[in-house]
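Hi everyone, thanks for coming. Let me put the sequence and the structure up on the screen, and then I'll walk you through a few places in it.

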Amino acid sequence: MSKIYKKYTSEILFEDDLLSVKELVEKHKKNLENADLRGVDLRGADLRGADLRGADLRGADLENADLRGVDLR
């Protein structure tokens, strides 16, 4: 089971039994504000237009990820 948590509260933002964390991030990329994505393997992920404001990306692998239009404020 893949889960994405909220950064400060550890509340589950999204979860799915069938998708990888990378696929879950891609599916919900417009709603990842303040998400805890520490250490997540996002190599090659399509993150175009993602809302990553306040997201914790420490140690996340973003190699070859498409970050065009990503909101990182």
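One term before we start: buried means under 20% relative accessible area, exposed means over 50%, and partly exposed is in between, using a 1.4 Å probe and protein chains only. Also, what you see is a predicted model, where local features need pLDDT of at least 70, side-chain atom pairs count only at pLDDT 80 or more, and totals for chains, interfaces and linings use all residues. Residues are numbered from 1 along each chain as its sequence is written, and side-chain values use heavy atoms, with hydrogens and water left out.

Okay, the sheet. Helices (H or I, at least four residues) and strands (E, at least two) are DSSP runs, numbered from the N terminus. Two strands pair if DSSP finds at least two bridges between them. Here 3 strands make an open sheet, ordered 2-1-3, with antiparallel pairing. Strand 2 (12-16) and strand 3 are at the edges with a single partner strand each, so one side of each has no neighbour in the sheet. Strand 1, residues 2-6, is joined to strand 3 by 2 bridges, and the two run antiparallel. If you want to find one of the pairs on screen, look for Tyr5: its bridge partner in strand 3 is Asp36.

Now the inside. A nonpolar core here is a set of buried Ala, Val, Leu, Ile, Met, Phe, Trp, Tyr and Cys residues joined through side-chain atoms within 4.5 Å. The largest one has 16 residues, and the members touching the most others are Ile4, Val25, Leu32, Leu37, Leu42, Leu47 and Leu52. Which residues does Val25 touch, not counting residues up to four places away in sequence? With contact meaning heavy atoms within 4.5 Å, the answer is Ile4, Leu32, Leu37, Leu42 and Leu47.

On to charges. Side chains of opposite charge can pair when their charged atoms come close. We call it a salt bridge when a side-chain nitrogen of Lys or Arg is within 4 Å of a carboxyl oxygen of Asp or Glu. How many are there in the whole structure? The search finds 13.

Take Asp46, which is partly exposed at 24% relative accessible area. Asp46 has a salt bridge to Lys29, with the closest N and O atoms 3.4 Å apart. That pair links distant parts of the chain, 17 residues apart: Asp46 is in the segment after strand 3 (35-36), and Lys29 is in the loop between helix 1 (21-27) and strand 3. Lys29 counts as buried, at 15%. Asp46 also bridges to Arg48, and there the closest N and O atoms are 2.7 Å apart. Arg48 is partly exposed, at 40%.

Then there's Arg68 with Asp66, closest N and O atoms 2.5 Å apart. Is Asp66 buried or exposed? At 17% relative accessibility, Asp66 counts as buried, while Arg68 is exposed at 55%. Through shared partners, salt bridges join Lys29, Asp46, Arg48, Asp66 and Arg68 into one network.

Asn34, in the loop between helix 1 and strand 3, has a positive phi near 65° without being a glycine. Asn64, in the segment after strand 3, also isn't a glycine and has a positive phi of about 60°. Asn34 is partly exposed at 24%, and Asn64 is exposed at 67%.
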